[in-house]
Amino acid sequence: MDYNINFPNLGIFLKHVGKSINIGNFSIAYYGIVIASAMMIGLLIAQKRAKETGQNPERYVDLFIYMMIFGIVGARLYYVAFSFDSYKDRLVDIFNLRQGGLAIYGGIIGGVLTVLIFAKIRNMNVGTILDTVAMGVCNGQMLGRWGNFFNREAFGEYTNNLFAMQLPVSAVRPWEITETMKANQAVLDGVTYIQVHPTFLYESLWNAGVLLIVFFTRNKTKFRGELFARYIGLYALGRLWIEGLRTDQLLIPGTRFAVSQGLSGVLAAGCLILTAVLRKKAGKEKKEA
């Protein structure tokens with residue numbers, strides 16, 4: 001297998017980008033290292049935000065442990081549910097995360113459900129918790145997408161734009177290579193490459209922009225939960241168009257419609273409407289007070 005990754009129009013050639021690191025006879029996937037690191041940094045951001053808003057930062061250690069567990073469970077269940085044909089004949093592979101297969105929306109759903117239960121048990125406000133973790137979760141998404149880079153996955157159709165990425169055919173799952181990619185293969189030093197949209201990069205950069213917006217508006221909210229709604233709405237808006245570029249979309253069974261693209265549209269519109277209604281309500285209550 002060839003491990004090179006090339007960005008020809010940027011003049012960047014990365015030689016031997018491995019998928020894992022070996023410690024003795026034990027192999028640790030970079031995908032897992034990236035996800036775990038992203039989660040830990042997210043926790044630190046949430047704790048800092050908790051301290052700024054007069055909360056006990058230690059409460060968020062417990063919360064993030066549960067969010068990591070059930071977020072990963074949710075992400076895997078979402079992925080498997082919409083690609084079950086790939087697992088029905090080898091059910092044991094459902095538990096193999098080393099080759100990727102986590103859907104971020106499933107992770108968000110699992111995380112939000114965890115927050116709802118945690119808030120009930122600890123007698124905390126759900127909106128306050130969601131606002132506190134918003135930047136940490138967004139940061140986790142921004143960094144976590146680089147796990148897809150190491151796995152050579154979550155890419156789009158052929159392109160020759162500025163960010164076009166070339167991957168060796170031998171390093172990509174065969175069923176993810178489309179006819180258009182095959183028609184535009186390139187051969188460099190005897191190695192055959194496909195050239196694609198690096199959609200993982202697009203989403204990472206989009207999330208960086210969302211994180212900046214959320215950061216600079218973190219103290220400009222009128223209701224609890226607004227910061228989280230802002231993050232989700234903006235993320236969904238970006239995912240709406242990025243998902244359309246991907247060739248590994250999870251489809252609604254029996255259709256050619258991407259489930260994550262549909263969910264993105266609903267979330268973007270829903271968060272916009274919810275924010276407008278609740279901000280107006282908050283403003284009205286303030287005038288009457």
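Author: Gladly, and please keep in mind that this is a predicted model. One place to begin is Phe 70, which is found in helix α2, residues 59-81.

Reader: Is Phe 70 buried, partly exposed or exposed?

Author: Phe 70 counts as partly exposed, because its relative accessibility is 44%.

Reader: And which residues form the nonpolar patch with it on the surface?

Author: The patch consists of Ile 65, Tyr 66, Ile 69, Phe 70, Val 73 and Leu 77, and together these residues have about 560 Å² of accessible area.

Reader: How many bridges join β3 to β4, and do the two run parallel or antiparallel?

Author: There are 4 bridges between β3, residues 20-23, and β4, and the two strands run antiparallel. Within that pairing, Ile 21 stands opposite Ile 28 of β4. The two strands form a hairpin with 2 residues between them, and in the turn Gly 24 has a positive phi of about 65 degrees.

Reader: What about Ala 154, is it buried or exposed?

Author: Ala 154 is buried, because its relative accessible area is 3%. Its phi is positive as well, about 55 degrees, although Ala 154 is not a glycine, and it is found in the loop between α5, residues 146-151, and β5, residues 165-168.

Reader: Which residue follows α3, and what is its phi?

Author: That residue is Asn 123, and its phi is positive, near 55 degrees.

Reader: While we are at α3, how far apart are its end C-alpha atoms, and what span should its residues give?

Author: Helix α3 has 19 residues, 104-122, which at 1.5 Å a residue should span 27 Å, and because its end C-alpha atoms are 26 Å apart, the two values agree. The buried residues of α3 include Tyr 105, Ile 108, Val 115 and Phe 118, and among them are also the glycines Gly 106, Gly 107, Gly 110 and Gly 111.

Reader: Can you do the comparison for α8 too, and tell me how many of its residues are buried?

Author: For α8, residues 226-242, the 17 residues should span 24 Å at 1.5 Å a residue, and the end C-alpha atoms are 24 Å apart, which agrees. As for burial, 13 of the 17 residues of α8 are buried, so this helix is largely enclosed by the rest of the structure.

Reader: Switching to cysteines, how many disulfides are there?

Author: The count is 0 disulfides, where the cut-off is a pair of cysteine sulfur atoms within 2.5 Å. Cys 138 is in no disulfide, because the nearest cysteine sulfur, that of Cys 271, is 13 Å away.

Reader: Are those two cysteines buried or exposed?

Author: Cys 138 is buried, with a relative accessible area of 1%, and Cys 271 also counts as buried, at 13% relative accessibility.

Reader: Back to strands: which way do the side chains of β5 point?

Author: Met 165 and Leu 167 point one way from β5, while Gln 166 and Pro 168 point the other way, and all of them are buried. Strand β5 pairs with β7 in the antiparallel sense over 4 bridges.

Reader: Which residue in β7 is the bridge partner of Pro 168?

Author: The partner is Tyr 193, which lies in β7, residues 191-196. Tyr 193 counts as buried, because its relative accessibility is 2%. The C-alpha atoms of Tyr 193 and Ala 171 are separated by 9.3 Å, the two residues being 22 residues apart along the chain.

Reader: Last one: where is Arg 145 found, and how far is it from Glu 203 in space?

Author: Arg 145 is in the loop between α4, residues 126-144, and α5, and Arg 145 is buried, with a relative accessible area of 10%. Arg 145 and Glu 203 are 58 residues apart in sequence, and C-alpha to C-alpha they are 7.4 Å apart in space.

Methods:
Residues are numbered from 1 along each chain as its sequence is written. This is a predicted model: local features need pLDDT of at least 70, side-chain atom pairs count only at pLDDT 80 or more; totals for chains, interfaces and linings use all residues. Side-chain values use heavy atoms; hydrogens and water are left out. Two strands pair if DSSP finds at least two bridges between them. Patches are made of residues with over 30% relative accessible area and no salt bridge: like charges are joined within 9 Å, nonpolar side chains (Val, Leu, Ile, Met, Phe, Trp, Tyr) within 5 Å. Accessible areas come from the Shrake-Rupley method with a 1.4 Å probe; for residues, only the protein chains shown count as cover. A salt bridge is a side-chain nitrogen of Lys or Arg within 4 Å of a carboxyl oxygen of Asp or Glu. Buried means under 20% relative accessible area, exposed over 50%, partly exposed in between (1.4 Å probe, protein chains only). The expected span of a helix is 1.5 Å times one less than its number of residues.
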